[in-house]
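Student: I have a model on my screen and want to understand its packing. Can we go through it together?

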Amino acid sequence: MGETVTITTPDGSFAAYLARPKVAKAPAIVVIQEIFGVNDDMRKTCDDLAASGYVAICPDLYWRQEPNVELFDKTEADWQKAFKLYNAFDIDAGITDIAATIAFTRGLNGTAKVGAMGYCLGGQLAYLTAARTDADACVAYYGVGLDKKMDEADQIRHPLMMHIAEEDEFVTKDAQAVIRKSLEGRKGVTVHSYPGMSHAFARNNGIHYDKANADLANGRTAEFFKAALN
């Protein structure tokens, strides 16, 4: 269903996976990668969004380090490389690339509204996208490092939904409490928690995938974007 496109910026060019719906004009969603790069999981997520009527695009945010990274959660070697890339990742440059992707996507077929959704590293980036860009709505799945970024919450001007895995091995209970307290009562911000769930419970074919909770979170996301982008 999808194709590879090139997005050009003053810093250079990078690839993105683009999936289009059957309708000529549609709202769009930027899908923000986990630490594993643009892999089968991200492409399936884009394809599913396209089947639901959205333009979906997933930019290669590792291009400054190593283009076309495709890893998964099944081998120790992939985990080690993913963490190496993550630890060297430039968050600010990543947001710049997401903003460029949003601008690129707005130019496709007269797309009026563009949302963003991300997972893990992408969850942190989705939150920062809500704070720093003109994205019309954002969804963050089990974002990492968010407790250290809550000082940017005042900059959020558009709807934001956050999904928190209560047993997330990468986000402590204390960190989760900071996130909830910082976002509580903010207009347009919704936080959902999932008891008993580990990190990446919504990763397609992932080792912690939980269908019931993934379906619940994805259903909430679908309703959220339907209201915010259509």
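Tutor: Some ground rules. This is a predicted model, where local features need pLDDT of at least 70, side-chain atom pairs count only at pLDDT 80 or more, and totals for chains, interfaces and linings use all residues. Residues are numbered from 1 along each chain as its sequence is written, and side-chain values use heavy atoms, with hydrogens and water left out.

Student: How are helices and strands assigned?

Tutor: They are DSSP runs, numbered from the N terminus. A strand is E, at least two residues; a helix is H or I, at least four residues.

Student: How is the aromatic pair of phenylalanine 36 and tryptophan 79 arranged?

Tutor: Rings of Phe, Tyr and Trp (its six-membered ring) pair if their centres lie within 6.5 Å; planes under 30 degrees apart count as stacked, over 60 as edge-to-face and the rest as tilted. Phenylalanine 36 sits in the loop between β3 (28-32) and α1 (40-51), tryptophan 79 in helix α2 (residues 76-87), 43 residues apart. Both are buried. With 5.1 Å centre to centre and 80° between the planes, the pair is edge-to-face.

Student: Why does tyrosine 119 count as buried?

Tutor: Tyrosine 119 belongs to an aromatic cluster with Tyr141, Tyr142, Tyr194 and Phe201. Tyrosine 119 counts as buried because its relative accessibility is 5%.

Student: Why are the buried residues of α5 on the same side?

Tutor: In α5 (residues 173-183), the buried residues are Ala175, Gln176, Ile179 and Leu183. The arc is that of the directions from the helix axis to the C-beta atoms. These residues lie on the same side of α5 because they cover an arc of only 100°.

Student: Which exposed residues does the face of α5 turned away from its buried side carry?

Tutor: The buried residues of α5 pack against α4, β7 and β8 (189-194), where contact means heavy atoms within 4.5 Å. The face turned away from that buried side carries the exposed residues Asp174 and Lys181.

Definitions and conventions: Buried means under 20% relative accessible area, exposed over 50%, partly exposed in between (1.4 Å probe, protein chains only).
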